[in-house]
Amino acid sequence: QVQLVESGGGLVQAGGSLRLSCVASGTIIDINVMGWYRQAPGQQRDLVATITTGGWIHYVDSVKGRFTISRDNVKNTVYLQMNSLKPEDTAVYYCNANLRLIGRPGWSNYWGQGTQVTVSS
């Protein structure tokens, strides 16, 4: 069993900041890529940022210079520091992890339950 639990969402004014956290727990052997996605109402779920175990990072263009992704490999935790937030950043933010589990072959993708981020103008 695996759980990804996000926290840190909320309501903030434009220009403000939030920090999201996501902890992966369960029968985990190893975690490869961890990342954040977001889904606005009526929209598809889109990539925000990803980070590998070795620290290679990718950002979608719309958040470059404003968001910072990081991870703690010992704690199986990924963070997303969001600064200079804009109303268009409003969405449900989902954590994603590609990982290997005890007793299961290969790598599998898991999602958190999502955390709401609302940015008011």
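Let me start with the disulfide link of Cys22 and Cys95: it is left-handed, with -80° about the S-S bond. Cys22 lies in strand β3 and Cys95 in strand β9, residues 91-101, so the pair ties together parts that are 73 residues apart in sequence. The two sulfur atoms sit 2.1 Å apart. A disulfide here is a pair of cysteine sulfur atoms within 2.5 Å. By that rule, a search of the whole structure finds one disulfide.

Now the ground rules. This is a predicted model, where local features need pLDDT of at least 70, side-chain atom pairs count only at pLDDT 80 or more, and totals for chains, interfaces and linings use all residues. Residues are numbered from 1 along each chain as its sequence is written, and side-chain values use heavy atoms, with hydrogens and water left out.

Back to the cysteines. Are they buried or exposed? Cys22 is buried, at a relative accessible area of 0%. Cys95 is buried too, with a relative accessible area of 0%. Buried means under 20% relative accessible area, exposed means over 50%, and partly exposed is in between, with a 1.4 Å probe and protein chains only.

Next, the whole chain. It has zero helices and eleven strands. From the N terminus on, the elements run β-β-β-β-β-β-β-β-β-β-β. Helices (H or I, at least four residues) and strands (E, at least two) are DSSP runs, numbered from the N terminus.

How do the dimensions look? With 121 residues, a compact globule would have a radius of gyration near 14 Å, and the chain agrees, at 14 Å. That radius is taken over C-alpha atoms, and the globule rule is 2.2 Å times the number of residues to the power 0.38. The C-alpha atoms fill a box of roughly 50 × 25 × 20 Å, taken along the principal axes.

Surface and contacts. Buried residues make up 40% of the 121 residues. The accessible surface comes to about 6,400 Å², and 49% of it belongs to carbon and sulfur atoms. Areas come from the Shrake-Rupley method with a 1.4 Å probe; for residues, only the protein chains shown count as cover. Take contacts between residues at least 6 apart in sequence: 55% of them join residues at least 24 apart. Contact means heavy atoms within 4.5 Å.

On to a sheet. Which order do its strands take? This open sheet of four strands runs β1-β3-β8-β7, with antiparallel pairing. β1 (2-7) and β7 (67-72) stand at the edges, each with a single partner strand, so one side of each is left without a neighbour in the sheet. Two strands pair if DSSP finds at least two bridges between them. Six bridges join β1 to β3, residues 18-26, and these two run antiparallel. Leu4, for one, has Ala24 in β3 as its bridge partner.

Two more residues. Tyr59 is in strand β6. At 17% relative accessibility, Tyr59 counts as buried. Leaving aside neighbours within four places in sequence, Tyr59 is in contact with Val48, Ala49, Lys64, Phe67, Thr68 and Ile69. Tyr59 and Cys95 are 36 residues apart in sequence and 14 Å apart in space, C-alpha to C-alpha.

Last, Gly54. Where is it? Gly54 lies in the loop between β5 (46-51) and β6 (57-59). Gly54 is exposed, with a relative accessible area of 79%.
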